[in-house]
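Work through the exercises below with the sequence and the coordinates open. Each task is followed by its solution in steps.

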Amino acid sequence: MSNKLVEFRNVSFRYGEEQPWVLKNCSFEIYKEEWVAIIGHNGSGKSTIAKLMNGLLFPQEGEIYIDGKLVQEETIWDIRKDVGMVFQNPDNQFVGTTVQDDVAFGMENRGFSREDMLTRIEVVLDAVRMQDYRLTEPHRLSGGQKQRIAIASVLAISPKVLILDEATAMLDPKGRKEIMATVTGVQEKNNVALLTITHDLQEIVQADRVIVMNEGEVWQETTPRTLFSQQQELREIGLDVPFIATLANELKQAGIPISQEPLNHKELLEELWTLYSRT
């Protein structure tokens, strides 16, 4: 397809010749403006995929293409213009003394004009709802606010794919909800592919597609709704089933004819309302 953006072709990787394979013959594709979630238990290889995609690591076997370019040492700087990453701990990404300085840093390294930088700072801070904090020192921000600024800093260089590698893992439930709302807004307003890497199935409900990793291999590629219906299989590979999926399954076993797997509380309530409003 012409809108293919990321392609892994039979990729295998390990952290040393005597070490076990972290990825084994891994193949998948991600398309432009698509939201893909990669999930798996700790050690399944999902974060290694992110580092390979950005050229922080190189595979021992197989090939990786970003927008048609092979990821290798000769292309690495071009690749990093197309792939932006937000990591688990935003403090590791801050380099500026103020929020606007930090957002500007990546653009300065890429030779953006001052006028373009000022415009982009306004646009990306608006996208993550942090306009009022542009002169704030990053260390004074909350965890969720820091992640928003990290996302803004990446958006400022106009990547073609934005990777969030366990970006909510260090946040409380409120912070996680805020970041996922920000991510949803970013996906709607910017022409970027979005890759969210997580072990929390609650965070994948709005993704277009899910890639499930298990022991270094692609275990399944599917949709969130289909995945939530496979509760026993998910538990067998070490993943927790979201509460709403468990509740829906209990209701089905009690004889309530729920027609489709609900992704959230709203969908389940609407389903129940439709069923019982007819009686």
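This is a predicted model: local features need pLDDT of at least 70, side-chain atom pairs count only at pLDDT 80 or more; totals for chains, interfaces and linings use all residues.

Residues are numbered from 1 along each chain as its sequence is written, and side-chain values use heavy atoms, with hydrogens and water left out.

**Exercise 1.** Give the strand order of the open sheet and name its edge strands.

*Solution.* Step 1: take strands (E, at least two residues) and helices (H or I, at least four) as DSSP runs, numbered from the N terminus. Step 2: count two strands as paired if DSSP finds at least two bridges between them. Step 3: the order of the six strands is E6-E7-E8-E3-E9-E10, with mixed pairing. Step 4: E6 (83–86) and E10 (217–222) pair on one side only, which puts them at the edges.

**Exercise 2.** In which sense do E7 and E8 pair, and what stands opposite Asp165?

*Solution.* Step 1: E7 (residues 161–165) and E8 (residues 193–198) share five bridges in the parallel sense. Step 2: Ile197 in E8 is opposite Asp165.

**Exercise 3.** Which residues make the contact between H3 and H5?

*Solution.* Step 1: contact means heavy atoms within 4.5 Å. Step 2: H3 (residues 99–109) contributes Val99, Asp102 and Val103, and H5 (residues 143–155) contributes Ile149, Ala152 and Ser153.

**Exercise 4.** Which strands does H6 lie across?

*Solution.* Helix H6 (residues 173–189) lies across E3 (35–39), E7 and E8.

Terms used: Axes are lines fitted to C-alpha atoms, for helices over the stretch in contact, and angles run from 0 to 180 degrees between N-to-C directions.
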